[in-house]
Amino acid sequence: MMTTALKYYLDEDLYALALPLTGGAEAICKLFSVVGQNLGDVKGRSGDQVLQKLLGVPSAALESPLHNHTGLENFILMKYIDEFRDAAVAKQLAAAIACEVDPARQYRLMEFCGGHTHAIFRYGVADLLPPNVVFVHGPGCPVCVLPMARLDHTIQLALEHEVMLCSYGDLLRVPASHGQTLLSAKAQGADVRMIYSTQDALGLARAHPTRQVVLFAIGFETTTPPTAVALTTAAAHALENFSIFCNHLLTPPALRAILTASFDVNSPLGIDGILGPSHVSTIIGSVPYQFVPDEFGIPLVIAGFEPLDVLHSTLMLVRQINQGGCRLENQYQRAVSSEGNRKAQALMQDVFVVRDQFEWRGLGRLPHSALALHPRYAAFDAETRFAVTLPTSTETKGCECAQVLRGQLKPTDCTLFGRACQPDHPLGACMVSAEGACAAYWHYGRFRTPPETN
Amino acid sequence: MPPTFIHPALDLNGRVELRHGSGGRAMAQLIEQLFWRTLDNELLRQGNDQALFQPPPGRLVISTDAHVITPLLFPGGDIGHLSVHGTINDVAMSGARPLYLAAAFILEEGLPLSDLAHIVASMAQAANAAGVPVITGDTKVVERGKADGCFITTTGIGVVPEGVMISGERATAGDAILVSGTLGDHGIAVMAAREQLGLEMELISDSAALHELVAAMVAAVPQMHCLRDPTRGGMAATLNELAQQSQVGMQIKESAIPVREPVRGVCELLGLDPLHVANEGKLIAICPADHAQRLLATMRAHPLGQDAAIIGEVVEDRHCFVQLHTQLGGWRVVDWLGGEQLPRIC
């Protein structure tokens with residue numbers, strides 16, 4: 001499920017960073033079950049021998065905590081992907097949930113991340129649950145919450161400054177002002193390159209020394225460390241034609257904003273529990289979410305992205321809610337520790353500063369919710385390197401993305417859904433990314449929620 | 001037979017130049033020494049601007065397909081194989097026996113002649129193996145930057161046996177849906193080669209001519225309703241097309257769909273759905289349920305169908321949705337791909 005960002009575990013430059021990441025253990029094991037067709041080949045070897053084979057690095061480079069990760073061997077020796085999608089286990093979990101829910105009440109659970117939303121729809125998780133357990137879709141899709149002005153800015157960079165613009169794939173179709181997208185800019189002659197990792201962007205900068213190469217950096221804390229590594233690499237090698245357009249976001253402030261809004265008497269969200277971020281938490285740890293139960297009285301369970309993770313976390317939340325509990329729990333223990341990845345955090349602190357405020361599509365301006373490049377890296381900041389005059393951005397009339405992102409409306413409540421706004425012709429950002437709630441509804445769930453019956 | 005030694009030998013160390021498409025001596029040299037010699041057959045040797053032949057009795061079927069691909073050479077094949085297999089398959093999906101191919105080349109100035117020779121040799125190899133010769137063709141050269149190395153359009157002609165009625169609008173509620181083998185091999189192999197993903201695993205295109213498999217299937221179950229090869233857009237697009245054409249719904253079972261482990265892995269890694277990934281040597285068959293086992297056995301007995309499986313059934317559905325019973329036990333809709341398949345961020 002961790003996709004583009006995952007490739008950085010393969011890059012040797014980034015190896016040192018990935019290693020201490022406990023989530024890295026999972027990612028690497030997943031890679032292994034992906035890459036190592038022949039699992040029998042590694043049986044009986046120790047975890048670090050396997051990693052050595054996989055990553056081609058000397059065993060001296062393998063240090064804790066990954067090295068000592070309990071159960072690492074088990075991770076490696078099981079068919080990782082299938083293990084967390086097993087139908088029989090899913091049935092057991094679903095039965096436990098059905099048995100424990102109180103039929104007299106609703107359980108409104110917000111899944112924060114687009115990755116959860118995607119898993120719920122992709123695997124039909126909701127079909128296994130009783131009807132009074134309802135998922136409310138949160139804002140954790142970095143593509144969806146990127147404000148149009150930032151995209152307008154990017155398109156200007158590509159078209160007017162004629163830079164080579166490097167972007168992850170799912171941003172290419174997001175509509176900016178006047179229906180413009182990076183793909184349509186490309187058709188007009190802009191040099192837009194789809195990349196799989198930040199290392200690809202560095203490679204392009206090295207290969208085209210006469211061109212200005214801009215990395216469109218986006219994402220929550222998961223994709224931030226690879227951007228940081230790209231930046232430090234560029235600085236160390238004085239790669240002067242490389243710069244970064246930084247749109248990295250911080251998760252906890254968004255969660256706080258949503259919960260604050262949900263306590264607004266005029267638009268109560270009535271969330272009973274939260275499935276907390278998965279990959280983000282491998283970086284920042286579980287501690288930063290402690291305010292959710294403490295200040296808002298809502299239980300939060302950090303949940304993995306596999307369907308069984310979602311079911312297990314749902315059961316944990318149902319239990320807490322039934323007991324009147326209000327705790328921070330960690331279902332995704334195989335990857336998330338309480339303190340997170342210290343090394344990645346230190347790197348991020350070194351390279352970024354927190355912006356005073358940043359606009360989120362749908363959530364408005366949120367204080368201390370995004371990152372900018374640290375002034376010491378100002379030379380690599382595309383925002384200062386290229387002057388851009390922005391047109392006024394205009395959101396589409398009637399688009400309910402804002403309320404969908406806050407969990408106040410279901411996608412099918414929007415009058416544009418499935419009519420004017422479809423994946424082939426998205427008007428709002430939630431329809432673009434596969435992790436956007438609207439796109440997930442449209443792609444995977446049309447049958448059960450045809451617009452006419454809502 | 002046209003004279004073959006009026007021109008000096010073509011220097012394969014050179015590159016395609018505009019003169020190779022200008023109608024002059026250089027073009028004659030290229031056609032003679034590269035295309036004719038490599039694709040050699042009686043009808044091509046007539047040296048006319050057209051090929052003349054007597055069609056066998058039966059209904060004729062014609063199909064054309066433009067082939068563009070980056071990179072031109074990929075693990076398991078190249079654009080040459082692809083341009084032969086792709087069109088043979090499109091003809092064969094009517095149940096026809098393919099007879100002949102025509103080929104048109106658009107070459108970009110600067111393409112190494114050795115690459116072109118390699119590609120044409122692949123075409124010849126594929127055509128010979130399939131027993132479907134390329135009997136006429138055309139070549140144009142465009143300026144550097146106006147094409148991507150080499151574009152090949154092939155047209156195929158074939159003849160449909162008596163009594164066979166295979167068409168996209170014939171799927172009927174209750175029919176069984178079969179697939180001839182693993183999905184996604186071609187698309188993932190090409191993507192891994194193009195993007196240089198640095199994945200050390202066996203990813204090989206499944207590019208293959210399916211007409212012999214089809215002939216065996218038609219002989220065993222002439223009552224087959226639909227055949228289609230799930231190329232661009234993958235199986236998801238093909239099933240949606242057939243559902244629309246036949247005004248039916250389809251229900252398929254995720255656990256029954258064959259996907260090779262490395263392909264599943266790359267899809268997992270990049271956030272792609274194997275059902276959306278292209279194939280070049282697979283087919284989807286729809287037949288009445290009571291013939292499904294016989295059809296399956298016939299497919300499995302052929303080397304190109306050994307991983308064949310029954311993956312679902314046709315149902316009544318006014319929405320014409322394709323639905324998937326997930327591995328986990330839930331249901332979801334299988335949609336067309338919106339546009340280009342784009343990897344997700346996280």
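Colleague: What makes the crossing of helix 6 of chain A with helix 16 of chain A left-handed or right-handed?

Modeller: Helix 6 of chain A passes helix 16 of chain A in a left-handed crossing. A crossing gets that name if the near helix is turned anticlockwise from the far one by less than a right angle, and is right-handed if clockwise. Helices here are DSSP runs of H or I with at least four residues, strands are runs of E with at least two, and both are numbered from the N terminus. The model is predicted, so local features need pLDDT of at least 70 and side-chain atom pairs pLDDT 80 or more, while totals for chains, interfaces and linings use all residues. Residues are numbered from 1 along each chain as its sequence is written, with chains lettered from A and ligands numbered from 1 in the order in which they are written.

Colleague: How do you know whether helix 6 and helix 16 of chain A are parallel or perpendicular?

Modeller: Helix 6 (residues 87–100) and helix 16 (residues 307–322) of chain A pack at an angle of about 20 degrees, their axes 10 Å apart. Axes are lines fitted to C-alpha atoms, for helices over the stretch in contact, and angles run from 0 to 180 degrees between N-to-C directions. Under 35 degrees counts as roughly parallel, over 145 as roughly antiparallel, 65 to 115 as roughly perpendicular and the rest as oblique. Helix 6 and helix 16 of chain A are therefore roughly parallel to each other.

Colleague: What makes the length of helix 7 of chain B agree or disagree with expectation?

Modeller: The expected span is 1.5 Å times one less than the number of residues. The 13 residues of this helix (residues 234–246) should span 18 Å, and the end C-alpha atoms are 19 Å apart, which agrees. Here 10 of the 13 residues are buried, so helix 7 of chain B is also largely enclosed by the rest of the structure. The buried residues include B:Gly234, B:Met235 and B:Ser246. Helix 7 of chain B is followed by B:Gln247, whose phi is positive, near 55 degrees.

Technical notes
A residue is buried if 20 or more other C-beta atoms lie within 10 Å of its own, exposed if 12 or fewer, and partly exposed in between; C-beta atoms are placed from the backbone.
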